[in-house]
Amino acid sequence: MKNNKKVAFYTLGCKLNFSETSTIARNFQQEGFERVDFEEVADIYVINTCSVTDNADKQFKQIVKKALKHNEKAFIAAVGCYAQLKPEELAAVDGVDLVLGATEKFKITDYLNDLSKNDMGEVHSCEIEEANFYVGSYSIGDRTRAFLKVQDGCDYKCTYCTIPLARGISRSDELQNVLNNAKEILQQGIKEIVLTGVNIGDYGKGEFGNKKHEHTFLELVQALDEVEGIERLRISSIEPNLLKNETIDFVSKSRTFVPHFHIPLQSGSNDILKKMKRRYLRELYVDRVNKIREVMPNACIGVDVIVGFPGETDEHFLETYHFLNDLNISYLHVFTYSERDNTEAAEMENVIPANVRSKRSKMLRGLSVKKRRAFYESQLGTTRTVLFEAENKEGYIHGFTENYVKVKTPWNPELVNTLHEIKLTKIDEDGSVRMEFVKDLVVM
C-alpha cells in the first residue's frame with residue numbers, strides 16, 4: 001500500500017530514543033509512507049525529543065526551523081520525553097502541528113488523518129500514571145549495531161531527574177518478546193546488539209503488568225547469550241547497585257557479551273550522592289569497578305558524572321575529581337547540572353554559578369581524555385576483534401573492538417559490517433588506534 005507521502009525523522013537524546021524512533025518509522029512504512037532522510041523534502045517530519053539537558057530544548061527549535069526550510073508546508077510532529085513534560089511549550093513553537101506524549105507516540109499514524117498546518121500545535125499527552133504498558137522497540141538500518149529496548153520507565157526518585165515524569169513507572173518487555181526481537185534484528189545481518197532501557201538493571205519488573213520481577217536482568221543476559229547467530233551483545237548504562245557479581249561473572253565467561261560496562265556514578269562525594277538520592281555510596285562503586293577488573297582486566301568501564309549540583313562545594317568537586325583520577329576506569333561522560341522543573345534539586349539552595357559549573361565540566365572532560373588515552377595505551381600490542389562501521393571518514397574506516405577501543409584503517413568498502421581479528425599498534429593523532437590484521441584479510 002503506497003500513499004505517496006514522505007516522512008523523515010530526527011532523534012534527540014539517548015539510545016533508547018533511537019530504538020523508539022526506528023520502531024515508529026517502521027510503523028509509518030507499514031502504513032505505506034516512504035521514509036526519507038531528514039535533509040530531504042518530506043510531507044511529515046517527526047522529531048523525537050529529549051528532556052535530559054537544557055540544550056535539547058534549544059535544539060528542538062532549530063530542528064523545526066531546519067525541517068520547514070526543506071518544506072515550509074510540512075506537517076511537524078513532536079514526540080518523546082520533552083513532549084510529555086512540556087507539551088504546551090512545544091506546541092507553541094512556530095510550525096509545530098502535533099505533540100504526542102509518552103503513551104501516544106507509538107500510535108502517531110492514527111493522528112494523521114488531516115495533514116493541514118495548524119495555527120497552534122495539537123496536543124495529545126496523557127497523565128504520566130497512564131504510561132504503564134510496555135511497547136517493545138529496536139533500531140535497525142541506521143548503524144552496524146542495533147539498539148534493543150528491554151525496559152522502560154523508572155521507579156527511582158533521583159532529585160535532579162525528570163525521566164520518571166517523562167516515561168512513567170519501571171516496566172519490562174516479556175523475555176520471549178526480547179528474544180524474538182533479537183532474532184528479527186539478526187535477520188537484517190546486524191552483528192552487534194546493544195541492550196537499552198531507562199534502568200535496565202531493573203529488568204523483569206512489570207514484565208506481566210505487575211510490580212514484581214518475573215525474570216531478573218541476569219536471566220535476560222543468560223537467555224540472550226544462547227540465541228544462535230548473535231555475534232556481539234553489549235550492555236548499555238546500568239546502575240551500580242543493580243550490576244550484580246553474578247552478572248559480571250557471567251559476562252566474563254560469555255560467548256557473546258563484550259567486556260564493556262557503562263556505570264553511572266554522578267558524584268564521587270557521598271554527601272552529594274545522598275542529596276541526589278542515589279541508591280549507593282562511592283564505596284559500592286569502587287567495589288563494582290574492582291570486581292570487573294578482577295575477572296576482566298581489559299574491560300572498558302565508562303562513567304557518567306554530573307558537575308555543579310546544588311551544594312557541590314569546591315571540596316566536594318575535588319573529592320569527585322580525585323576519586324575518579326584514582327579509579328581504574330576508561331572514560332567519562334560529563335554532564336553539567338541543569339535545573340529541571342518539578343524536580344527536588346531545582347528547589348535546593350546553594351546554587352552553583354554557571355561559570356563554576358562550566359570550569360568543573362572542563363576539568364573532568366580533560367580527565368576523561370587522559371583516562372581514555374591511558375586505557376588505549378594499555379591495549380597496544382593486544383589482539384582484539386573489531387566490528388567495522390559503515391562510514392568513510394576522510395579516507396578511513398573506523399570500528400570498535402569488543403572492549404570499545406576505537407580503531408581506524410584505510411577505507412575499504414568490503415570491511416563494512418564485518419568482524420576481524422586485529423592487533424592494536426599505535427595511537428593516532430586523532431586519538432583513535434591504528435591496527436594491523438592478524439590473519440590475511442578474509443572478509444566475513
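Q: What is a strand, and from where are strands numbered?
A: A strand is a DSSP run of E with at least two residues, and strands are numbered from the N terminus. The model you see is a predicted one.

Q: Where is N417 found?
A: Use the strand numbers. N417 sits in the loop between β18 and β19 (419-427).

Q: Which other residue shows a positive phi without being a glycine?
A: Y404 does, with a phi of about 65 degrees. Y404 lies in the loop between β17 (396-401) and β18 (406-410).

Q: Is N417 buried or exposed, and why?
A: Check the cut-off. Buried means under 20% relative accessible area. N417 has 19% relative accessibility, so N417 counts as buried.

Q: Is Y404 buried, exposed or partly exposed, and why?
A: Partly exposed covers the range between buried, under 20%, and exposed, over 50%. Y404 has a relative accessible area of 21%, so Y404 is partly exposed.

Q: What tends to happen to nonpolar side chains in soluble globular proteins?
A: They tend to be buried together. Now the case here. The largest nonpolar core has 52 residues, and L195, L324 and L364 touch the most other members. Helix α6 (residues 175-186) gives the largest share of this core, six residues. Another core, of 22 residues, lies apart from it; among its members are C50, V64, A78 and Y82.

Q: Which residues does L195 touch, leaving out those up to four places away in sequence?
A: Its contacts include L148, V150, I200, F217 and F257. R234 and S236 are also among them.

Q: In what order do the strands of the open sheet stand?
A: Read across the sheet, strand by strand. Three strands stand in the order β13-β14-β15, and the pairing is parallel. Neighbouring strands are turned against each other by 20 degrees on average, direction ignored.

Q: How many bridges join β14 to β15?
A: Six bridges join β14 (residues 300-307) to β15. At one place, V303 stands opposite L332 in β15.

Q: Which helix lies across β13, β14 and β15?
A: Helix α11 (residues 314-326) does, running at about 175 degrees to β14. Helix α12 (residues 354-379) also packs on the sheet, touching β14 and β15. The direction of α12 makes about 170 degrees with that of β15.

Technical notes
Residues numbered from 1 in each chain as written. Predicted model: local features only at pLDDT ≥ 70, side-chain atom pairs only at ≥ 80, totals over all residues. Heavy atoms only, no water. Core = buried A, V, L, I, M, F, W, Y, C linked by side-chain atoms within 4.5 Å. Buried < 20%, exposed > 50% of the residue type's maximum accessible area, 1.4 Å probe, protein only. Helix = DSSP H or I, 4+ residues; strand = E, 2+ residues; numbered from the N terminus. Contact = heavy atoms within 4.5 Å. Pairing = 2+ DSSP bridges. Axes fitted to C-alpha atoms, helices over the stretch in contact; angles between N-to-C directions.
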